[in-house]
Amino acid sequence: IVRTLGYSVDEIVQVLAIRAATEGLQLEQEAIELLGEIGQNTSLRYVVQLMTPASIVAKTCGRDEVTREDVEEVDQMFYDAKSSAKLLAAQADKYIS
């Protein structure tokens, strides 16, 4: 068994900066830092997946650069996998089984 550790906020921020550059997305530093904090509490996959909807929100508002507010908005729209599973388990009686 190989034990692995989670990513630090700084490591998540580095990955996000590289990913943003690769995808041609422009993010304010505050937006990247917020994504790093969110990723520390959820997962790297979740925050990487938030980048595209945050970019769409920014473009809808007539901006090319993603702001902290865009990230906050899309984070409220979606659940990460653990939160989603917890919500489904808590409300299991409301779903067809």
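Predicted model: local features only at pLDDT ≥ 70, side-chain atom pairs only at ≥ 80, totals over all residues.
I started with the fold order: read along the sequence, the chain goes α-β-α-α-β-α-α.

Residues are numbered from 1 along each chain as its sequence is written, and side-chain values use heavy atoms, with hydrogens and water left out.

**Whole chain.** I looked up the extent: the C-alpha trace spans about 45 × 40 × 20 Å along its principal axes. Of the 97 residues, 31% are buried (under 20% relative accessible area; exposed is over 50%, partly exposed in between; 1.4 Å probe, protein chains only). For contacts (heavy atoms within 4.5 Å), I took those with a separation of 6 or more, and 61% of them join residues 24 or more positions apart. Accessible surface comes to about 6,900 Å², with 52% of it on carbon and sulfur atoms; the method is Shrake-Rupley with a 1.4 Å probe, and for residues only the protein chains shown count as cover.

**Charges.** I have 9 positive and 16 negative charges, with mean positions 9 Å apart. Lys and Arg count as positive, Asp and Glu as negative, and His and the chain ends are not counted; each charge sits at NZ of Lys, CZ of Arg, CG of Asp or CD of Glu.

Which residues form a negative surface patch? I found E30, E33, E37 and E69. Patch members have over 30% relative accessible area and no salt bridge, and like charges are joined within 9 Å; a salt bridge would be a side-chain nitrogen of Lys or Arg within 4 Å of a carboxyl oxygen of Asp or Glu. Helix α2 (residues 29-41) gives the most, with 3 residues. I checked E33, which lies in α2 and is partly exposed because its relative accessible area is 36%.

**G36.** Not counting residues up to four places away in sequence, G36 touches V9, I12, V13 and L16. I also took G36 to K82: 46 residues apart in sequence, 17 Å C-alpha to C-alpha.

**T67.** I found T67 in the loop between β2 (65-66) and α4 (68-77). At 9% relative accessible area, T67 is buried. Leaving aside neighbours within four places in sequence, T67 is in contact with E28 and A31.

Methods
Helix = DSSP H or I, 4+ residues; strand = E, 2+ residues; numbered from the N terminus. Patch = residues over 30% accessible without salt bridge, like charges linked within 9 Å, V, L, I, M, F, W, Y side chains within 5 Å.
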